[in-house]
Number of protein chains: 2
Amino acid sequence: MTDQHAAQADLADLADRAAELDAADPLAPHRDAFVSTPGVTAYLDGNSLGRPLHAARTALAELVDGAWGDRLIRAWDEQWMDAPTELGDRIGRVALGAAAGQTVVGDSTSVMLYKLARAALGARQGRDEIVACADDFPTDRFVVQGLADELGLSVRWLTVDPRAGVTLDQVRGALGPRTALVLLSHISYRSAWVADMAGITAAVHQAGGLVLWDLCHSVGALDLALDEAEVDLAVGCTYKYLNGGPGSPAFGYVAAGLQDRLRQPIQGWMGAADPFAMGERYQPANGIRRFISGTPPIVGMVPMRAMLDLLESVGIAAVRAKSVALTGFAIEVHDALLAPYGVELASPRDPALRGGHVILDHPDFREVTARLWERGVIPDFRPPHGLRVGLSPLSTSFAEALQGLATVADLLSERPPVAP
Amino acid sequence: MTDQHAAQADLADLADRAAELDAADPLAPHRDAFVSTPGVTAYLDGNSLGRPLHAARTALAELVDGAWGDRLIRAWDEQWMDAPTELGDRIGRVALGAAAGQTVVGDSTSVMLYKLARAALGARQGRDEIVACADDFPTDRFVVQGLADELGLSVRWLTVDPRAGVTLDQVRGALGPRTALVLLSHISYRSAWVADMAGITAAVHQAGGLVLWDLCHSVGALDLALDEAEVDLAVGCTYKYLNGGPGSPAFGYVAAGLQDRLRQPIQGWMGAADPFAMGERYQPANGIRRFISGTPPIVGMVPMRAMLDLLESVGIAAVRAKSVALTGFAIEVHDALLAPYGVELASPRDPALRGGHVILDHPDFREVTARLWERGVIPDFRPPHGLRVGLSPLSTSFAEALQGLATVADLLSERPPVAP
């Protein structure tokens, strides 16, 4: 067989495999709950912006005619005042392994990170080091740098293998009596590496520090156990695997035992003990409400509710099982169709160490991504040359994953060989 | 005539007046653009939460099916990345008297206040006083207190006549070489007093300080001229007279000449010079974008666009003219129907000094408000005993204002006389 024939035989086998996997997938019927996109043959970026559910459209119309249009200002007393914690509790129960009263929804992820990191540093005065990862998402690094500059602290930057991520040993090596705060991504936005949340949290506590986990790429993609791991603080975004829509508000988690010892920096009326007393001095609310600042972003909270309903009905364990199967299948396709073109897998092969996406490296991927978009295949590009393939478990089929990666192979096959 | 007969005669006259005013109102046809509420006979709280426009429902559905559902992640490049400044520029043009490039939409009002106040204080190091008003809305006072505590500054609190507001002379008396920042509400959330923006701004500049105006009760209710008044900084909310929906994002204004000299505290990826470079160090964007922190709240930005369309088509001068007529009529009704029960006007009679609402004082108003709500008349209550009557110019008729205030008179007439 020629190479081309071999590739075609592989593709036919993989298409059979995809069809089998889709037929056996208990979550497959839920794909119809999402708005479909005729011009897109493979949406591989649900980990950057999740698709809308049809129910989101309905819920937004109901907001306009119902709570907002019909109840008007009365809806604040009737339901909206509690929305940040009611919705937080739901996220906690469905996706975080967090008991009620520890999760709040509001602000952007960057603002929530700032607030919780600043609060943690205030509770560890006398310690002057922050530990963070040099390969984490820019906002995490920028917030840490800003706070360190502002407060005269130093940052110990962990550097990692970009195809893996931060290890327990590495964190242990960076901890000490100066450690105030450790801020880490639970799942790397690049490699999808899953950090050892329980082990690292315990190590940070042993050193006397606090830990703040960034759950942006975790929440809704795999089961978390924040309470069990005795996590102090966490932040995550809701527009990826919680399908909350562009720029939907973040959530913040603060362990119950820690809440009343922390003060966050942005003292707004909605975090005050009695917002409507119009009191003279700011007195923070007890419990998780003190981490609210301004008026809760009610409109932006609406679409994610539909996804939480769906996640609750299927259970996060089933979502994680499909996620592992999807990323495993993507690796299979990579090995058969892409590795021959020099593409390299830059995510862990071990599913226990891998989140909901895989990243593939090839020097031509910046240009290839632009051409994929033209063909209706939508992955993300992450510099310097990573093609990030997000596989949102509830809205993505195995056939769609194959379609997308086969198009990558197609484009690579059309390219002239790299000059020697 | 008995008192009751006299009151009925007054009411009949006022009903005629209201009918005439509505018939002559050029903005009256626009009331149909808003969602109506069958159970509410008088909505007098549009200055707390503006009614939805029908167009908001349509626009949200279009977001779900269009930019979000159909363009998916591509919509960030195609339109959403520019949304904070594009929408900011529109607010600036339609309502603020601000040239393009100085207004940005995002965060809650409290967070935006914090960011701009902190940035201003950073630009006036060596000066250690903030001037603020003890009667301003809690969030303004709480943010100022928090920053003062954090940075070791002191606050000079201006106390005002609660039925009026801060005067130029009073501000002048508080300024000096220690003044770093003056934070004031342009329109008092209680009395509706309109502060002398141009005069106070000039006085603050003469003292070498910066001024930050809270425009929450101004924007969309009257014409502003930020550029002409050489305002440094301003913040406002969009869920009152811009009808953006519960918790819709705030806007921040930073004068062009000041932008590159200020650094805001929450360094997020969206305020960086190149958000997608994933660079090592935070480098703030040039211009107004540096005041963005996290991912822009796109869903929450949608409903206000319909109101900006409407405001642009009718012009803010026509809105202000109706606002003055509505509040003037409310005062007329107060004088005829409410003053006999001991109600006192706690807003300026001079329309040039009065914003878009009026506040009325009576010892029984806390209880009366609860009974008004039961009857479908919805004003706000502001402690200790203020009934705040908001009259959103585009969605409120003169007849509706009369209906609401006549119900107040009704309830007061039913009450037993106060014990001697």
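**Terms and the values behind them**

Mentor: Helix α5 (residues 109-122) of chain B lies across β5, β6, β7 (233-236) and β8 (251-254) of chain B, and runs at about 170° to β7(B). Axes here are lines fitted to C-alpha atoms, for helices over the stretch in contact, and angles run from 0 to 180 degrees between N-to-C directions. The model is predicted, so that local features need pLDDT of at least 70 and side-chain atom pairs count only at pLDDT 80 or more, while totals for chains, interfaces and linings use all residues. Residues are numbered from 1 along each chain as its sequence is written, and chains are lettered from A and ligands numbered from 1 in the order in which they are written.

Trainee: What makes a stretch a helix or a strand, and which other helix packs on the sheet?

Mentor: Helices (H or I, at least four residues) and strands (E, at least two) are DSSP runs, numbered from the N terminus. Helix α8 (residues 197-206) of chain B packs on the sheet, where it touches β5 and β6 of chain B, and its direction makes about 155° with that of β6(B).

Trainee: How do you know that β5 and β6 of chain B pair, and in which sense do they run?

Mentor: Two strands pair if DSSP finds at least two bridges between them. Strand β5 (residues 179-185) and strand β6 (residues 210-214) of chain B are joined by five bridges and run parallel, so they meet the definition of a pair. Within this pairing, B:L184 stands opposite B:W213 in β6(B).

Trainee: Why is the sheet of chain B called open, and which strands stand at the edges?

Mentor: The seven strands follow the order β2-β8-β7-β6-β5-β3-β4 (chain B), with mixed pairing. β2 (103-105) and β4 (154-158) of chain B each have a single partner strand, so one side of each is left without a neighbour in the sheet. From one strand to the next, the twist averages 15°.

Trainee: What makes the residues of β7 in chain A buried or exposed?

Mentor: A residue is buried if 20 or more other C-beta atoms, placed from the backbone, lie within 10 Å of its own, exposed if 12 or fewer, and partly exposed in between. In strand β7 (residues 233-236) of chain A, A:L233 and A:V235 point one way and A:A234 and A:G236 the other way, and all are buried. β7(A) is joined to strand β6 (residues 210-214) of chain A by three bridges, and these two run parallel, with A:L212 opposite A:L233. With strand β8 (residues 251-254) of chain A, β7(A) pairs in the antiparallel sense over four bridges, and A:F251 in β8(A) is the bridge partner of A:G236.

Trainee: How do you know that the two chains are related as by a two-fold rotation axis?

Mentor: Copies are superposed by least squares on the C-alpha atoms of residues with pLDDT of at least 70 in both. Chain A can be laid on chain B with an RMSD of 0.0 Å by a turn of 180° and a shift of 0.0 Å along the axis. The two copies are thus related as by a two-fold rotation axis. Of the residues of chain A, A:G300 comes closest to this axis, at 2.6 Å (C-alpha).

Key. Contact = placed C-beta atoms within 7 Å.
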